[in-house]
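Welcome! Open your viewer and get ready to select a few places along the chain.

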Amino acid sequence: MAKFLLGLLTGAVVMVLILVIGAFAIASLRGRPATIADDSTLILRLDGDAPEKPRVDVSIPFLQPHTPVTVENIWSMLRHAAADPRIKAVVFEPSGSAVGWAKMQEIRADLEQFRKSGKPLIAYLKAPNTRDYYMASACSKIYMSPSDLLDVKGVALEMMYFKNTLDKLGVHVDVEHVGKYKDYGDMFTRTSMSPETNEVMSGLADEIYADLVNAIAKGRGKSPDAIRALIDDGPFLAKDAKAKGLVDELRYEDQAFGELKTTLHQTELKKVSEHDYADVPDSAVPGTGGADRIAFVVAEGSISRGDPESSGNGSGLESETFDKMLSKVANDKNIKGVIVRIDSPGGEVVASDDMWRAMNELHRKKPVVISMGDDAASGGYFMAMTGDPIIAYPATITGSIGVVFGKPNLHGLYDKVGVSKDYVSRGRFALIESDYQSLSEPERKKLVAGIDAEYEDFVGKVATARRKPASTIEPLAQGRVWLGDQAKANGLVDELGGLDRAVEMIKSKSGIPADKKVTL
């Protein structure tokens, strides 16, 4: 029996070793750029999110799906495809897209730019939602299955509130904030939007809806009024979507590909996936890349202190790791300039301040341009205050210049489950963070004094970086969220645009001729 168990254990260990070695071998093969055949068609699939930075892909091929392509991958792929003589057409296949509105503006602009190459660009929709259709409307022809549904019906922004639930649990949350629009803590203390939140959300909905209408109108050759009327009738059965001119043809996927073969005068489509084409280096595509190198640094996620290499937490935006990266870039003599791509809703104050300092150290050593993605709010905006040019999309969530603090009092919940706490303390404010009691009035005043000082520092740094008096910034602060085009009108960002404009600006700042290619 012992020999049998030993043999079983040995076999299991050997199998694990074979799987591990096999996975590494496959990973090494996958690291080699794919061979792109002549007369190929790029199939650009977009399922779910398009992150700003590549995620670590530890999947085993054929067993797990690929990690999603990044926004920069899509941008570079479409530019490569436009110049690459081996690529004859692009098929865009969005399905269940969950990207933010600013990223969608980038992707849609990239598709429009590709159309200028004169190569066919078609969209094949699969269970399309509003986001899928918004991007696909940039394509020259839109297909969908005869039995599918075009789920386009407008824009809705929802917020969730937990006060009634917390009351039932016996939980009270103390929230202090600076800025009447700084509403992060409201989810714990209110049951619905405050008038200030309603004002902001209504403004966001108006701007986003107007962009949706105008983009579809442009893509489908209709008036904005006609599109508004159509959206009010959505969602649409496939036959109704075609009858109303929202899609061009109802075809099964193989039929749509068959029509593309006819257009390209081919007997068989040579399909290239987005993952394979994303690995194609600049040097392999005529007319792309160059000797001058520009760093593309991504700051994505909620901000916290610490280093994921030591803490084991690789999610979010950790200040220590990000600061190390900026230092490495700043000291790399081969890098001519830096585009810092920010997509962050904010987070810890001290971590944001650490990254602000690292960003300013980078500013002193390299030309910098800041490109904002879906979010550059609170700490995400704070870290950008270097005085360098800031580019945002019209729908980038921007600003939220304010400070908020929250602390739960779980005494009532503890009572319900039979838990009690006792304590001794020394020091007037030793229990200020205790979850067994609410803030006393002296504790509240102490806390408010601290967040007031942090808010004043935030406003001051914005004023310095934006070269405006604090008295001008203060009315734009108050924790208010602005969309990018509103932020541009208020002087909180410099330009509206995406990665194309960021590259143009960093070339200019770095002394690189406008017509000279660079490697990102």
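This tour starts with confidence, then visits a helix pair and a pocket.

The model is predicted, so local features need pLDDT of at least 70 and side-chain atom pairs count only at pLDDT 80 or more, while totals for chains, interfaces and linings use all residues. Residues are numbered from 1 along each chain as its sequence is written, and side-chain values use heavy atoms, leaving out hydrogens and water.

**Colour by confidence.** The chain has a mean pLDDT (the predictor's confidence in each residue, from 0 to 100) of 91, and 90% of its residues reach 70 or more. Now select residues 25-30, where pLDDT stays under 50.

**Select 319-330 and 349-365.** These are helices H13 and H14, whose axes come within 9 Å and cross at roughly 5 degrees. Axes are lines fitted to C-alpha atoms over the stretch in contact, with angles running from 0 to 180 degrees between N-to-C directions. H13 and H14 are therefore roughly parallel to each other (angles under 35 degrees count as such). Show side chains in the contact (heavy atoms within 4.5 Å): Phe322 and Leu326 are among those of H13, and Met355 and Leu362 among those of H14.

**Move to Trp75.** Trp75, Arg79, Val503, Lys517 and Val518 are the closest to the centre of the second largest pocket, out of 33 lining residues. Lining residues have an atom within 4 Å of a point of the pocket, an open set on a 1 Å grid, where a 1.4 Å probe fits, with protein on both sides within 12 Å along at least five of seven lines. Finally, select H2 (71-83): this helix gives the largest share of the lining, 10 residues.

Key
Helices (H or I, at least four residues) and strands (E, at least two) are DSSP runs, numbered from the N terminus. Angles under 35 degrees count as roughly parallel, over 145 as roughly antiparallel, 65 to 115 as roughly perpendicular and the rest as oblique.
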